[in-house]
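Please look over the sequence and the model below before reading on.

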Amino acid sequence: MMQLAQQAQVSVVENICRVSAYVFVSCAQPKRIVRALSRLPGVVKADALLGASEAVLVVERHNFEALQTLLTEVQSTPGVKKISVKLAA
């Protein structure tokens, strides 16, 4: 019983330490950008949006510093004009 409680505590701590966000990417070629960005570690999902010069990413990292590093990589990808980030609750 004690081992099960410890596993539950570890699971809760792991979930708390994760930082998830939606990243909206303005770009000229969304499909090309999606292919490039979907390869980055931490990008859970990447989609080009229909009717817009935009893509959306779902990203997840283990802390805010790692998230910032990933966002810097996304922003510096050739073809990316700007990004908008919304943290998930």
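**Helices, strands and charged pairs**

The buried residues of helix α2 pack against β1, β2, β3, α3 and β4. Those residues are Pro 30, Ile 33, Val 34 and Leu 37. Viewed down the axis of α2, they fall within an arc of 105 degrees, so they line one face of the helix. The spacing follows from helix geometry: an α-helix has 3.6 residues a turn, so residues three or four places apart point the same way. On the other side of α2, Lys 31 and Arg 35 are exposed.

Now for the setting of this helix. The model is a predicted one, and the protein contains three helices and four strands. Starting at the N terminus, these elements run α-β-α-β-β-α-β. Of the 89 residues in the protein, 28% are buried. Among contacts with a separation of 6 or more, 62% are between residues 24 or more positions apart.

Confidence should be kept in mind while reading. The average pLDDT of the protein is 86, and 82% of the residues score at least 70. Over residues 1-12, however, pLDDT stays under 50, and the model has zero contacts beyond four places in sequence for that stretch.

Which residues of α3 are buried? They are Ala 66, Leu 67, Leu 70, Leu 71 and Val 74. Down the axis of α3, these buried residues lie within an arc of 140 degrees, so they line one face of the helix. They pack against β1 (19-27), α2 (30-37), β2 (43-48), β3 (54-61) and β4 (80-87). At the start of α3, Asn 63 places a side-chain oxygen within 3.1 Å of the backbone nitrogen of Glu 65.

Beyond α3, the loop between α3 and β4 contains Thr 77. Is Thr 77 buried or exposed? Its relative accessibility is 14%, so Thr 77 counts as buried. Leaving out residues up to four places away in sequence, Thr 77 touches Ile 33 and Leu 37. Both Ile 33 and Leu 37 are listed among the buried residues of α2.

The charged pairs come last. Side chains of opposite charge can pair when their charged atoms come close. How many salt bridges does a search of the whole structure find? The search gives two.

One joins the side chains of Arg 18 and Glu 60, at 3.4 Å from N to O. Arg 18 has a relative accessible area of 43%, so it is partly exposed. Glu 60, at 31% relative accessibility, also counts as partly exposed.

The other salt bridge is formed by the side chains of Asp 47 and Lys 45, at 3.3 Å from N to O. Asp 47 is partly exposed because its relative accessibility is 31%. Lys 45 is partly exposed too, with a relative accessible area of 46%.

How values were computed:
Residues numbered from 1 in each chain as written. Predicted model: local features only at pLDDT ≥ 70, side-chain atom pairs only at ≥ 80, totals over all residues. Heavy atoms only, no water. Buried < 20%, exposed > 50% of the residue type's maximum accessible area, 1.4 Å probe, protein only. Helix = DSSP H or I, 4+ residues; strand = E, 2+ residues; numbered from the N terminus. Arc of directions from axis to C-beta. Contact = heavy atoms within 4.5 Å. Polar contact = N/O pair within 3.5 Å; in protein donor to acceptor, adjacent residues only side chain to side chain. Salt bridge = Lys/Arg side-chain N within 4 Å of Asp/Glu carboxyl O. pLDDT = per-residue confidence, 0-100.
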